[in-house]
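Biologist: I would like to learn how to read a model of a protein with a ligand. Please take it one feature at a time.

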Amino acid sequence: MDTNTFETLIAEGKTIEPHDPMPEDFRRSVLRQIAQHAHSEIIGMQPEGNWISRAPSLYRKAILIAKVQDEAGHGLYLYGAAESLGMDQGEMLERLHSGQQKYSTIFNYPMLTWADVAVMGWMGDGAAIVNQVPLSRCSYGPYARAMARICKEESFHQRQGYDAMRVLANGTEEQRNMAQDAVNRWWQPSLMLFGPPDTDSPNTARSMAWGIKRHTNDELRQRFIDLCVPQAEALGLTIPDEELIWDAERGHYNSGPLDWDEFWANVNGAGPCTRERLARRVAAHEDGRWVREAAAAYEHQIENGALVS
Ligand code: BYC
């Protein structure tokens with residue numbers, strides 16, 4: 001393999017395309033990250049999907065249906081990008097179902113009230129955008145292009161979430177309390193979407209050298225905190241961190257520690273809703289088996305000339 005070509009493309013800031021030579025570790029690492037990302041979109045549909053029948057108005061219901069459908073599209077688009085690295089979607093799903101491939105820990109928390117749906121749009125999608133905009137400049141072309149498209153849709157997701165929060169925060173006392181309670185429960189999971197602290201992140205250094213990641217986990221987490229705190233202030237809501245304070249010298253907010261033991265337990269399969277989310281996913285896959293079989297039989301008949309398409 002001509003690694004020089006790969007090194008040259010990376011050094012020149014050009015994208016690596018599926019037909020380009022690439023080191024096996026690069027291929028494996030990008031595939032790992034894209035598959036994890038695709039699975040996050042697909043599992044992320046579950047907690048929100050549960051609220052479609054309980055949305056508080058026709059307007060909010062229409063938006064939520066569209067958002068969940070967007071997430072399905074993002075997942076399929078990302079599976080397509082990952083397939084260009086040599087693993088098909090069926091195998092990725094098998095690895096998700098058996099716990100060999102991961103998805104974002106944020107989706108293993110329960111969505112207890114309508115305010116949780118709003119906060120997922122505002123903070124969950126907000127964090128995802130901060131994480132993903134730099135990925136639209138990542139060195140693997142199909143992933144970078146997927147990110148550019150996906151981020152455009154996620155900007156709408158973030159804004160609708162903020163708008164739903166604004167209505168609750170300006171509503172009755174009960175609605176304001178519900179909004180604050182959701183912020184209290186989702187702040188930490190949102191910050192954890194950026195991954196572990198840099199000191200405990202085995203993949204960051206190599207991914208930065210290869211241009212897969214453009215910023216470290218902590219840099220992006222800090223960027224999100226700096227963006228989100230003034231938004232919470234504008235809503236009249238409090239961020240649940242007593243150590244949060246503006247540091248004029250650094251030009252950033254200082255924040256308190258997060259519970260990383262909880263994070264690692266969640267990553268390793270012991271999140272509050274992990275079992276429920278995976279069981280639902282496996283059941284959906286089994287329910288769809290007859291469709292896959294019918295499509296394969298139809299394709300087979302077309303190939304054998306038994307049917308004219
Ligand atoms: N959750 O060395 P590190 C959405 C794992 S959906 C679970 O820092 P890396 C939305 C990590 O995989 C989109 N696992 O890794 C949908 C690694 O394990 P392995 C969500 C995590 O890859 C519906 C180990 O910990 N966004 O927006 O350099 C509704 C060490 O980590 C997590 C994405 O999926 C985590 N949070 O960096 C609303 C982002 N963090 O694989 C919204 C795409 C770390 O070595 N992914 N791990 O066994 C990324 O940007 C990067 O993969 C990460 C981690 C920053 C997450």
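Biologist: How many Å lie between a polar side-chain atom of Glu 154 and an oxygen atom of the ligand?

Modeller: First, the ground rules. This is a predicted model, in which local features need pLDDT of at least 70 and side-chain atom pairs count only at pLDDT 80 or more, while totals for chains, interfaces and linings use all residues. Residues are numbered from 1 along each chain as its sequence is written, and side-chain values use heavy atoms, with hydrogens and water left out. A polar contact is a pair of N or O atoms within 3.5 Å; within protein, one must be able to donate a hydrogen and the other to accept it, and residues adjacent in sequence count only if both atoms are side-chain atoms. For Glu 154 the distance is 3.4 Å. For Gln 36, a polar side-chain atom lies 3.2 Å from a ligand oxygen, and for Lys 213 a side-chain N or O atom is 2.6 Å from one.

Biologist: How much of the ligand does the protein bury?

Modeller: Accessible areas come from the Shrake-Rupley method with a 1.4 Å probe; for residues, only the protein chains shown count as cover. Taken alone, the ligand exposes 1,000 Å², and the protein buries 93% of that.

Biologist: Which element gives the most residues to the shell around the ligand?

Modeller: Helices (H or I, at least four residues) and strands (E, at least two) are DSSP runs, numbered from the N terminus. Helix 2 gives the most, with eight residues. Elements giving two or more include helix 3 (58-83) and helix 6 (141-169).

Biologist: Is Ile 245 buried or exposed?

Modeller: Buried means under 20% relative accessible area, exposed over 50%, and partly exposed in between (1.4 Å probe, protein chains only). Ile 245 counts as exposed because its relative accessibility is 51%. This residue is in strand 1 (residues 245-247).

Biologist: And what does His 285 touch, not counting residues up to four places away in sequence?

Modeller: Contact means heavy atoms within 4.5 Å. On that basis, His 285 touches Leu 93, His 97 and Arg 292. His 285 is in helix 11 (residues 274-287), and at 17% relative accessibility it counts as buried.
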